[in-house]
Amino acid sequence: MVSDGTSLHRILAAINKPLKLCPTRSWCMQCKTTIGKFTRAKNCRRCGRFVCGRCLKHNLKPKFFPKSFEVYESASVCTICEGILLSGEEDISMTQPTTSLSEGRNLDERSSIF
């Protein structure tokens with residue numbers, strides 16, 4: 001698991017195709033809060049991470065998603081992906097190679113990066 005915030009932001013900014021959704025967990029993949037019976041939690045539509053309601057506050061309109069995501073109505077995104085999509089960093093990452101330094105594989109070939 002990536003624990004450095006800067007590294008996580010760079011990895012998430014490199015996503016340009018939908019990933020598989022992470023399985024339900026007992027903790028938030030962003031803030032590490034325990035997810036209990038009455039805690040609202042679901043997957044981010046962009047990165048697929050399972051996050052709590054505090055980390056998944058906003059819905060973004062389809063115009064903010066790359067066309068490859070095939071989003072046709074507002075979708076829930078985590079706070080990190082929201083910042084990336086709103087700032088337009090998605091366009092920058094599409095022009096650069098998305099290889100993993102540790103494995104040398106293309107991030108798009110992975111089923112899950114978490």
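View 1. Helices (H or I, at least four residues) and strands (E, at least two) are DSSP runs, numbered from the N terminus. Residues are numbered from 1 along each chain as its sequence is written. Because the model is predicted, local features need pLDDT of at least 70 and side-chain atom pairs count only at pLDDT 80 or more, while totals for chains, interfaces and linings use all residues, and side-chain values use heavy atoms, with hydrogens and water left out.

View 2. A disulfide is a covalent bond between the sulfur atoms of two cysteines; here the term is applied to a pair of cysteine sulfur atoms within 2.5 Å. A search of the whole structure finds zero disulfides. For C31, the closest cysteine sulfur is that of C28, and the distance of 3.7 Å is too far for a bond. C52 is likewise in no disulfide, its nearest cysteine sulfur being that of C31, 3.7 Å away. With 33% relative accessibility C31 counts as partly exposed, whereas C52, at 2%, counts as buried.

View 3. A pair of aromatic rings is described by the distance of the centres and the angle of the planes. Rings of Phe, Tyr and Trp (its six-membered ring) pair if their centres lie within 6.5 Å, and planes under 30 degrees apart count as stacked, over 60 as edge-to-face and the rest as tilted. One aromatic pair is found in a search of the whole structure: the ring centres of F65 and F69 are 6.1 Å apart and the planes stand at 50°, so the pair is tilted. F65 is buried, with a relative accessible area of 6%, and F69 counts as buried at 2% relative accessibility.

View 4. Three helices and four strands make up the elements of the protein, which run α-β-β-β-β-α-α from the N terminus on. Of its 114 residues, 39% count as buried.

Conventions
Buried means under 20% relative accessible area, exposed over 50%, partly exposed in between (1.4 Å probe, protein chains only).
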